[in-house]
Amino acid sequence: RLLDWTASPYVAAYFAVWRLGAVIVPLDLRMAPEVAVRIGRAAEPVLTLVGPDVAASSAAALGVPVMGIDAATLTAEPLGQLPPPPSSSNLAEVLFTSGTTSDPKGVTLTHGQLIHSARTIAMTAGVRRERALALLPLSHMYGQIVPLFYGLMCGCQLTFLPSLTPSALLTAMKRDRITVLTAVPALLRL
């Protein structure tokens, strides 16, 4: 299996939103709710997508429709004619980042920039099929580029975890025979 869409509704939602010609504003599930609301209001969304691990009532604070994403909604039949696929110059996402020093600020990224970043990783790291465990959230640029985009380009098996508990990590590593994981030093210290 290359990717189990039902195991990672967020990954499927990213590609569905992009295919519809819309822009995503990913939020870290672990961020403080008031920060998420501030970012959401600044982004002026028309729809909020929430996975099974987010309470719809929390997302309702943005004042726009909330749609739950799960296996049923991700495998539903398409709703009519799709717009043309996005071009490399189309806006793909607004990623809010603060580093460690201030309130998050929005960084706009095009489809071409995302593809270029993944290709750069492939040129420097090489193209190898791995069984990858993605430990970083998709709201983190490194979490998108390395395990997701680079992994898909290389034909990797990708595993995303609903939680980062030691037992979930060990279970996934054994079950999926993980050969590589994507992490940052702060995560490894934990």
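The model is predicted. Helix α1 and helix α6 have axes that come within 13 Å of each other, and the salt bridges number 2. Two residues other than glycine, Glu-44 and Arg-177, have a positive phi.

**Helix packing**

- Two packed helices are described by the angle between their axes and the distance between the axes.
- Helix α1 spans residues 9-19 and helix α6 spans residues 141-154; their axes come within 13 Å and cross at roughly 70°.
- Helix α1 is therefore roughly perpendicular to α6, because angles of 65 to 115 degrees fall in that class.
- On the α1 side, the contact is made by Val-11, Tyr-14, Phe-15 and Trp-18.
- On the α6 side, Gln-144, Leu-148, Phe-149 and Leu-152 make the contact.

**Helix α2 and the residue that follows**

- Helix α2 covers residues 33-43, and its buried residues include Val-35, Ala-36, Val-37, Ile-39 and Gly-40.
- An α-helix has 3.6 residues a turn, so residues three or four places apart point the same way.
- Strand β3 (91-97) is among the elements that cover the buried residues of α2.
- Just after α2, Glu-44 takes a positive phi of about 50°.
- Glu-44 belongs to the loop between α2 and β1 (48-50).
- With a relative accessibility of 65%, Glu-44 counts as exposed.

- Most residues other than glycine have a negative phi.
- The loop between α7 (166-175) and β7 (180-182) holds Arg-177.
- Arg-177 counts as exposed, because its relative accessibility is 54% and the cut-off for exposed is over 50%.

**Salt bridges**

- The count of salt bridges comes to 2.
- One of them joins Glu-130 and Arg-128, whose closest N and O atoms are 3.1 Å apart.
- In this pair Glu-130 is buried, with a relative accessible area of 18%, whereas Arg-128 counts as partly exposed at 48% relative accessibility.
- Arg-175 forms a salt bridge with Asp-176, and the closest N and O atoms are 3.0 Å apart.
- Here Arg-175 counts as exposed at 52% relative accessibility, while Asp-176 is buried with a relative accessible area of 7%.

**A buried loop residue**

- Ser-139 is found in the loop between β5 (131-134) and α6.
- Ser-139 counts as buried, because its relative accessibility is 13% and the cut-off for buried is under 20%.
- Leaving aside neighbours within four places in sequence, Ser-139 is in contact with Tyr-14, Pro-26, Leu-27, Asp-28 and Leu-95.
- Among these contacts of Ser-139 is Tyr-14, which also takes part in the contact of α1 with α6.

**Surface patch**

- Val-46, Leu-47, Leu-49 and Met-67 make a nonpolar surface patch of about 350 Å².
- Met-67, one of these residues, lies in strand β2 (residues 66-68).
- Met-67 counts as partly exposed, with a relative accessibility of 36%.

**The end of helix α5**

- Ala-125 is found in helix α5, which covers residues 111-125.
- At 40% relative accessibility, Ala-125 is classed as partly exposed.
- Ala-125 and Tyr-150 are 25 residues apart along the chain, and their C-alpha atoms are separated by 9.8 Å.

Technical notes. Residues numbered from 1 in each chain as written. Predicted model: local features only at pLDDT ≥ 70, side-chain atom pairs only at ≥ 80, totals over all residues. Heavy atoms only, no water. Patch = residues over 30% accessible without salt bridge, like charges linked within 9 Å, V, L, I, M, F, W, Y side chains within 5 Å. Areas by Shrake-Rupley, 256 points an atom, 1.4 Å probe, with all protein chains shown as cover. Salt bridge = Lys/Arg side-chain N within 4 Å of Asp/Glu carboxyl O. Helix = DSSP H or I, 4+ residues; strand = E, 2+ residues; numbered from the N terminus. Buried < 20%, exposed > 50% of the residue type's maximum accessible area, 1.4 Å probe, protein only. Axes fitted to C-alpha atoms, helices over the stretch in contact; angles between N-to-C directions. Parallel < 35°, antiparallel > 145°, perpendicular 65-115°, else oblique. Contact = heavy atoms within 4.5 Å.
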